[in-house]
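Student: I would like to go through the terms used for this structure and see what each of them rests on.
Tutor: Then ask about them in turn.

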Amino acid sequence: MQDGSGAYRTTGSTCLHPLSELLGIPLDQVNFVACQLSALCAAFWFRLYLSPGETSPAVRHAFATIFGIYFVIFCFGWYSVHLFVLVLMCYGIMVTASISNIHRYSFFVAMGYLTICHISRIYIFHYGILTTDFSGAKPSFLEYVSYLLNFMSVIAGPCNNFKDYVAFIEGRHTHMKLLEVNWKEKGFHSLPEPSPTGAVMHKLCVTLVSLLLFLTLTKTFPVTSLVDDWFVHEANFLTRLCYLYIVMQASKPKYYFAWTLADAVNNAAGFGFSGVDKNGNFSWDLLSNLNIWKIETATSFKMYVENWNIQTATWLKRVCYERVPWYPTVLTFILSALWHGVYPGYYFTFLTGILVTLAARTVRKNYRHYFLSSKALKAVYDIVTWAVTQLAVSYTVAPFVMLAVEPTISLYKSMYFYLHIISLLIILFLPIKPQAHNQRWPQTLNSLNKKMD
């Protein structure tokens with residue numbers, strides 16, 4: 001974001017400012033890409049020259065941590081102190097609190113500190129600037145800081161499982177995943193060493209295409225056009241509906257770029273192997289944060305959400321949806337909004353998302369079975385639900401990228417709050433088939449028991 005003098009503001013390094021001016025891209029975004037590309041190179045070197053067979057876990061932990069801290073300071077400067085303070089506070093809780101209370105204390109301290117930082121970010125930097133994203137037997141301190149601050153995921157994620165990360169550092173990651181699918185029982189006497197090169201190259205190609213789309217589509221159809229006089233006062237409703245879809249489609253490539261590049265960085269280091277797919281091919285999608293094909297072809301709001309920001313959704317499901325005794329959908333959406341920050345647009349999106357999710361679930365349970373009797377009817381159902389889903393998502397997530405109250409209200413007024421009204425009517429007048437609470441808890445208890453085992 002530019003300040004009044006026209007210079008790009010950032011708390012991080014300004015050494016790439018000339019490149020930022022040359023490209024016309026905000027300096028904080030240039031710093032982000034520079035760090036991720038550096039992390040990609042470091043990841044290849046890390047896998048080749050600090051392999052588990054030749055290097056101790058302590059050295060691998062230390063290297064990953066030191067590089068991660070450097071990247072954080074490069075991107076965020078003095079503001080990175082908040083991340084380090086939060087990491088140390090949670091570690092202090094982990095080594096002092098009782099086992100039965102660690103998760104509670106850590107959750108409330110982390111979310112409380114996170115919220116304070118989000119509020120300070122608004123008052124210090126105002127809307128729109130990209131600064132620190134706080135969204136993020138007992139281990140040793142080195143294992144702990146390596147897990148949270150490693151150079152592969154400290155800038156853009158993705159969130160990952162501590163057990164998987166330590167197995168990766170110690171060189172047990174791929175073998176552990178192969179044994180999970182009974183590799184030796186398939187006739188192979190020794191476990192292979194899957195190479196991530198193919199997966200990394202594929203993801204880098206996706207990253208490149210996403211970058212090109214960002215530099216073209218996103219610049220051509222900016223989110224700010226949704227508050228232009230032409231859109232708000234002159235265009236008819238159908239035009240607004242289609243144009244909103246186009247603008248929201250144009251806003252996706254930056255997320256595709258960031259998350260796919262982050263996934264490629266982890267894979268390049270040898271982390272992210274998930275086993276063998278149904279065709280017998282090695283898979284490197286353990287840390288994948290999105291499934292672009294399933295997102296773009298989603299025929300339900302649920303399917304869309306499940307394939308967007310996958311790792312965060314998994315965390316939300318584990319810490320909230322599977323644990324709360326009442327209103328799991330509502331409380332999970334609220335926690336997600338709080339985790340993202342305190343911009344009003346986030347709350348418009350997630351509160352609207354609650355209505356849309358409940359309405360979509362009601363419609364699906366009442367009518368879907370009527371369209372399963374033939375392939376033709378199922379095809380018609382899929383086409384209609386695809387169109388409805390894409391339009392509903394565009395309407396729901398627009399405030400998320402607009403951030404502020406005024407443009408959000410302007411947009412929804414110009415759309416006559418149509419999706420809110422339709423969703424409320426569906427919830428109020430269609431019969432709801434409730435999901436029995438006692439059917440969810442055995443699954444929850446089983447999942448917790450498995451994790452403890």
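**Terms and the values behind them**

Tutor: In this predicted model, Leu-403 has a relative accessible area of 14% and is buried.

Student: What makes Leu-403 buried?
Tutor: Buried means under 20% relative accessible area. Leu-403 is at 14%, so the term applies.

Student: Where does Leu-403 lie, and what is its phi?
Tutor: Leu-403 lies in the loop between α18 (375-402) and α19 (405-414). Its phi is positive, about 70°, although Leu-403 is not a glycine.

Student: Phe-417 also has a positive phi without being a glycine. Is Phe-417 buried, partly exposed or exposed, and how do you know?
Tutor: The phi of Phe-417 is about 50°, and the residue lies in the loop between α19 and α20 (418-429). Buried would need under 20% and exposed over 50%, with partly exposed in between. The relative accessible area of Phe-417 is 31%, so Phe-417 is partly exposed.

Student: How do you know whether Lys-177 is buried or exposed?
Tutor: The relative accessibility of Lys-177 is 9%. The limit for buried is under 20%, and therefore Lys-177 counts as buried. Lys-177 is found in helix α8 (residues 173-180).

Student: Which residues does Lys-177 touch?
Tutor: Leaving out residues up to four places away in sequence, Lys-177 touches Asp-164, Phe-273, Ser-274, Gly-275 and Leu-286.

Student: What makes Val-356 count as buried?
Tutor: Val-356 has 6% relative accessibility, so with a cut-off of under 20% it counts as buried. Val-356 has its place in helix α17 (residues 344-367). Not counting residues up to four places away in sequence, the residues that Val-356 touches are Phe-301, Ala-392, Thr-396, Leu-419 and Ser-423.

Student: How far apart are Val-356 and Ile-427, in sequence and in space?
Tutor: They are 71 residues apart in sequence, and their C-alpha atoms are 9.4 Å apart in space.

Student: Why are α6 and α7 called roughly perpendicular?
Tutor: α6 and helix α7 (residues 162-169) pack at about 105°, with axes 11 Å apart. The range for roughly perpendicular is 65 to 115 degrees, and the angle falls inside it, so the term holds for α6 and α7. Glu-143, Ser-146 and Tyr-147 of α6 make the contact with Phe-162, Tyr-165 and Val-166 of α7. Four of the residues in this contact are nonpolar, one is polar and one is charged.

Student: What makes the peptide bond from Gly-157 to Pro-158 cis, and where is Pro-158?
Tutor: The bond is cis, with omega near 5°. Pro-158 is found in the loop between α6 and α7.

Student: How do you know whether α9 is roughly parallel or roughly antiparallel to α12?
Tutor: The axes of helix α9 (residues 197-220) and helix α12 (residues 253-268) cross at roughly 160° and come within 8 Å. Over 145 degrees counts as roughly antiparallel, so α9 is roughly antiparallel to α12. The crossing is left-handed. By class, the contact of α9 with α12 has 13 nonpolar, five polar and three charged residues.

Note on methods. Residues numbered from 1 in each chain as written. Predicted model: local features only at pLDDT ≥ 70, side-chain atom pairs only at ≥ 80, totals over all residues. Heavy atoms only, no water. Helix = DSSP H or I, 4+ residues; strand = E, 2+ residues; numbered from the N terminus. Buried < 20%, exposed > 50% of the residue type's maximum accessible area, 1.4 Å probe, protein only. Contact = heavy atoms within 4.5 Å. Axes fitted to C-alpha atoms, helices over the stretch in contact; angles between N-to-C directions. Parallel < 35°, antiparallel > 145°, perpendicular 65-115°, else oblique. Nonpolar A, V, L, I, M, F, W, Y, C, P; charged D, E, K, R; others polar. Left-handed = near helix turned anticlockwise from the far one by under 90°.
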